[in-house]
Amino acid sequence: MKIAVIQFPGSNCDIDLYSALHDVCNADVEYVSHKATSLDGFDAVMLPGGFSYGDYLRAGAIARFANVMPAVIKLANEGKPVFGTCNGFQILTEAGLLPGALKKNDSQKFVCETVPLEVVNNNTLFTTQYQAHERIALPIAHGEGSYYADEKTLDELEANHQVVFRYASENPNGSLRNIAGIVNKRGNVLGMMPHPERAVEALLGSTDGLRLFKSLLENGTVKTEA
């Protein structure tokens with residue numbers, strides 16, 4: 001599996017993602033510029049956290065129009081894995097690859113801490129190495145991480161088992177139904193506010209994020225109908 005890590009102006013977790021995949025998981029991974037117009041030859045794509053384009057207008061709103069995004073959408077439509085963490089999750093919602101939106105935290109403050117999560121769905125490409133309803137701990141660092149969608153969309157996410165991670169104790173940002181991460185209906189696009197790439201080595205305080213990347217590498221490309 002060959003994996004692309006997209007670099008937008010203002011990305012600051014691209015190196016973390018690369019290191020988690022290359023140095024810890026020994027995966028074949030390359031940086032790809034936001035200026036690229038093709039992702040031919042890649043089997044998966046990662047959208048990193050950070051502050052793409054300075055989060056002007058709102059987080060992810062400008063990155064959604066980057067040259068590389070049509071190729072990201074094409075790859076997602078082909079059923080290949082697409083993962084976005086933090087700002088990457090925001091970009092995925094802005095691009096329409098995931099439903100809902102991320103708004104300012106209810107506290108109106110930037111939050112940076114490690115939080116407990118529940119693995120709600122361990123049957124996705126990204127979560128097969130977790131146990132159902134397992135409690136894990138991952139770092140968060142965001143100012144616009146409160147997940148919002150209308151009630152119909154929220155009910156559909158629950159009914160379709162698209163909620164993958166949920167905040168397990170105190171809700172750090174006001175996300176509706178404590179949602180921390182979701183997949184699309186096909187199950188090949190995952191967006192989440194927590195940072196699994198910052199929890200892949202004991203030296204970092206936790207290895208709870210490592211199994212997400214190992215699940216992805218183990219499962220490869222989803223086989224579903226368009």
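Helices (H or I, at least four residues) and strands (E, at least two) are DSSP runs, numbered from the N terminus.

**Ground rules**

I am working from a predicted model, where local features need pLDDT of at least 70, side-chain atom pairs count only at pLDDT 80 or more, and totals for chains, interfaces and linings use all residues. Residues are numbered from 1 along each chain as its sequence is written, and side-chain values use heavy atoms, with hydrogens and water left out.

**Entry 1: Ile3**

I started with Ile3, which sits in strand β1 (residues 2-7). Is Ile3 buried or exposed? Its relative accessible area is 0%, so Ile3 is buried (buried means under 20% relative accessible area, exposed over 50%, partly exposed in between, with a 1.4 Å probe and protein chains only). I then listed its contacts (heavy atoms within 4.5 Å), leaving aside neighbours within four places in sequence: Leu21, Ala27, Asp28, Val29, Glu30, Phe42, Ala44, Met46 and Leu217. I also checked Tyr18, 15 residues from Ile3 along the chain, and found 9.3 Å between the two C-alpha atoms.

**Entry 2: the annotated site**

Next I looked up the "active site" in UniProt, where an unreviewed entry lists Cys86, His195 and Glu197. These three span 112 residues in sequence, yet no two of their C-alpha atoms are more than 11.0 Å apart, so they gather at one spot.

I found His195 buried at 1% relative accessibility and Glu197 buried at 3%. Which side chain does His195 meet in a polar contact? It is that of Glu197, at 2.6 Å (a polar contact is a pair of N or O atoms within 3.5 Å; within protein, one must be able to donate a hydrogen and the other to accept it, and residues adjacent in sequence count only if both atoms are side-chain atoms).

Beyond four places in sequence, His195 has contacts that include Cys13, Thr85 and Cys86.

**Entry 3: the largest pocket**

I went on to the largest pocket, with a volume of about 190 Å³. A pocket here is an open set of points on a 1 Å grid over the protein atoms alone, where a 1.4 Å probe fits, with protein on both sides within 12 Å along at least five of seven lines; lining residues have an atom within 4 Å of a point. How many residues line it? I count 17, of which Gly50, Phe51, Phe110, His142 and Gly143 lie nearest its centre. Cys86 and His195 from the annotated set are in the lining. α3 (87-94) and β7 (135-142) each supply at least two lining residues. As for α3 itself, seven of its eight residues are buried.

**Entry 4: Arg166**

Last, I picked Arg166 in strand β9 (residues 163-167), which counts as buried at 16% relative accessibility. The Arg166 side chain makes a polar contact of 3.2 Å with the side chain of Glu158. The Arg166 side chain also reaches the backbone oxygen of Arg177 at 3.0 Å. Not counting residues up to four places away, Arg166 touches a set including Pro116, Leu117, Asn178 and Ile179.

Conventions
UniProt positions are given in the numbering used here, feature names are shortened, and annotations may be inferred rather than shown by experiment. Grid points are joined across faces, edges and corners, and a volume is the space filled by probe spheres set on the points.
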